[in-house]
Every structure is written in C-alpha cells, then in structure tokens.
Amino acid sequence: MQHEKGDSPAKRFAMINVYDGHRANVGRVATDSTWHHWMNINITQIEAVGGANWEKIKRYYLNLAVWLAPPEIPRHCFFFHTLESLYSYPGIEEFHPKVNLLDAGLVFRKRLIGLYGPCWVTQFVFDWLGLLDLKLRERLIERYLLLPTPNRPIPPRPDPCLSCPPPEMFEAVILGGAIRATSAALFANGGGLEAGLKLMLEMKPERLEKYLLEGTAEGLKQLQALSAKSCEETKQLFG
C-alpha cells in the first residue's frame, strides 16, 4: 500500500481528555496526547531551569494525580487541612468566631489553592456538596465547569449571568461554613487550644465528616439568603 506525499490538512485535537466517572460512581479517566509530557529530555531541561514553565508542568502533574484519585483521598486531604488550619497560620489568627463565613472561607480557600491549585478547590467543593444534594452538584457542574463556547468568556453561562454567584464567593462561603462548624466542635467548651487539640486527636473521621457537612449546609443556607437578598435589591433598583 502506497501513500502519496503532499500537504496535509490542518487538524486540531484535544491535548488532554478526561472522563469524570465519579459522577457515575466509577473511576475517572485521563488521556494525554503524547508521552513526551511525562518522559522526555525537554522535561528534564525545563526542570533544571525551573521558573514559570516548570511550575505549570508541576501543577499539571498534581492536577492529574488529584483528578484520578479515588473520592476518599481528596476527602481525607480536606479533613486534614481543615483541622491543621485551626492550629497554623493564617487560620489561628483569622478564624475567629465573630468572623463571617465569607471572610473565613476566603482565607481557607487561599490556603487550599496554595497547596492544590484552584481547579482542585472548585472540583472538591462541588463534589463535597454532592454529599448533601446530588442534583445541586450536577447543576453547578453544568453551569460552572462545562467547556466554554469558542470566543466566549468562561462559564457561568448565560453570559452575563447577573444572578450567578461568582465561583470564588460560592466556594468561600461553603468552606467558611465547614471551618466554622469544625472550630465550634473543637472549642465549644472554652477549653482553649490544648483541649481542642485533645478532642481533635480523639475525633473519628466519621464524626468530623458530620461536622463538616453540617457546616457546609449552613454555608449553603447563608449563600441562598445572600443571593435572594441581592436579587431583591437588584429588582428594587430597576423598578
């Protein structure tokens, strides 16, 4: 069989494809267009130089590892960092009981992004909400995470969506609720950091998950109230 040489029409294909099997209670899949992204002399040289390009590649590796991990792995990471944040900077200074959920959540969100990146935080918050309301998680994924239309801004769509909470605000309120509930459980008796640490070391994962879900539900409730208030004020503004 012979093939004639000549011009080849330009082709475009996705460099990376993923399948979110967690939405169907099975594993996730990721396919890469080339093994050069993993084992190549260019990667070695980029690593040796360091800088922004290597940081992006490292983030890609981390994102993919997190994406493929079974659901319980990200959950355990979340459990650990929720507790750890109460005894480290900036949480030990910022997570005061009088701080509102949004402000506390913004601090915690920034901490998680520094460790895992913004993609992990968004995906985890949506998956975590699925434990409370599976249909809500699906709606959020459809609204915020679907691929953008070519030459259009990223979701949420329709654009502009004046009634859609910004993703950062949504995530922050949910995370703030989780932090507040965990902090209240550890320090409710007024025993201070040492007493709270003792309770933390004795706490079973199932009990911690219960507190976190209760806080998440409270954060979602506050977000719904804020959204309703905002929509009403906008309605009044425009008559």
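**Met-203 and its contacts**

I started with Met-203 and, leaving aside neighbours within four places in sequence, found it in contact with Leu-186, Leu-208 and Tyr-211 (contact means heavy atoms within 4.5 Å). This is a predicted model, so I kept in mind that local features need pLDDT of at least 70, that side-chain atom pairs count only at pLDDT 80 or more, and that totals for chains, interfaces and linings use all residues. Residues are numbered from 1 along each chain as its sequence is written, and side-chain values use heavy atoms, with hydrogens and water left out.

I placed Met-203 in the loop between α9 (192–202) and α10 (205–238). Helices here are DSSP runs of H or I with at least four residues, strands are E runs of at least two, and both are numbered from the N terminus. Leu-186 sits 17 residues from Met-203 in sequence and 9.4 Å away in space, C-alpha to C-alpha.

Is Met-203 buried or exposed? I noted it as buried, because its relative accessible area is 12% (buried is under 20%, exposed over 50%, partly exposed in between, with a 1.4 Å probe and protein chains only).

**Helix pairs**

I looked up α6 (residues 118–130) against α7 (residues 134–145): they pack at about 155 degrees, with axes 7 Å apart. Axes are lines fitted to C-alpha atoms, for helices over the stretch in contact, and angles run from 0 to 180 degrees between N-to-C directions.

Next came α5 (residues 101–116) and α8 (residues 167–187), whose axes come within 6 Å and cross at roughly 100 degrees. That makes α5 roughly perpendicular to α8. The contact includes Leu-101, Ala-104 and Phe-108 of α5, and Ala-172, Leu-175 and Ile-179 of α8.

**Strand β1**

I then checked Ile-16, which lies in strand β1 (residues 16–19). Ile-16 counts as partly exposed because its relative accessibility is 33%.

**The whole protein**

I counted 10 helices and 2 strands, in the order β-β-α-α-α-α-α-α-α-α-α-α along the sequence. Of the 239 residues, 34% are buried. Among contacts between residues at least 6 apart in sequence, 64% join residues at least 24 apart.

Notes
Parallel < 35°, antiparallel > 145°, perpendicular 65-115°, else oblique.
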